[in-house]
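Visitor: I would like to know what stands behind the words used for a protein model. Please go through them with me.

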Amino acid sequence: MSSLLRVQGRIGQRALLLTTAAVPLTGWAVHAVALHKQLAATRRDPLTGLLRRDAYTARARRLLACHGDDTALVMVDAAHFKAVNDTLGHPAGDAVLAAFGARLTAWAGPRASVGRLGGDEFAVVLELPADRLEQRLAQLVRMLRTPVVLDDGRTVDVAASVGAATPDIVGSSDLAVLQRAADAALYDGKHTGHAVIAAMAHTTVASVNGRRAGRPGTSLRGRAA
């Protein structure tokens, strides 16, 4: 009987040791999860949930390196966004930006790099074969044209200017070159209701930090907006 008690005692001690050892490990696991969430939060824009510029850039470059000519870079500017803020207030403007973020994410899919570059300017890099590019861009323009319904029931008419660039057309997989070309194409198509695909000529447009020189917030000696 005493031998049985001793065996049971040793088993109990081992169980206690295992349980005790597991406590700090569990604590570290919880801490690691919390830290991961904090780091993830710093990579994302709090309003739209899209990647911030640095995180977008890193992911975009990986996609371009992996998929080459089967990728597209798409630039998006919300149309008449200042008028929304001025007439309906900044909460309405925030709602429009959040809606654009959700629509861009849904359109591009989970593997894409979707970023908010600042203000009402967005960029997407995704795997997209050339034979589907025009169809998908037309779909995006329609999605971004859908009115946004505010929490108070008011409806905001919205639209966007869209420009795209692909490595096979512009002759480069460099992110800065593609972004500059797509931004120049976007400007050519502003307020037309159609997406514009960049040609080789769009790569020679003067730029500041990868954005078309002369756009609001840029100057030849300043920083890009």
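Visitor: How many helices and strands does the protein chain have?

Guide: This is a predicted model. Its protein chain has seven helices and nine strands.

Visitor: What makes strand E3 largely enclosed by the rest of the structure?

Guide: A residue is called buried when its relative accessible area is under 20%. Six of the seven residues of E3, residues 121–127, are buried, so the strand is largely enclosed by the rest of the structure. In the protein chain as a whole, buried residues make up 40% of the 225 residues.

Visitor: Why are E2 and E3 called a pair?

Guide: The cut-off is again at least two bridges. E2, residues 113–118, and E3 have five, so they count as paired, in the antiparallel sense. Gly115 has Ala123 in E3 as its bridge partner.

Visitor: Which residue takes a positive phi in the hairpin of E2 and E3?

Guide: Gly119 does, with a phi near 60°. The hairpin has two residues between the strands.

Visitor: What share of contacts between residues at least 6 apart in sequence joins residues at least 24 apart?

Guide: The share is 64% in the protein chain. A contact here means heavy atoms within 4.5 Å.

Definitions and conventions:
Residues are numbered from 1 along each chain as its sequence is written. This is a predicted model: local features need pLDDT of at least 70, side-chain atom pairs count only at pLDDT 80 or more; totals for chains, interfaces and linings use all residues. Side-chain values use heavy atoms; hydrogens and water are left out. Helices (H or I, at least four residues) and strands (E, at least two) are DSSP runs, numbered from the N terminus. Buried means under 20% relative accessible area, exposed over 50%, partly exposed in between (1.4 Å probe, protein chains only).
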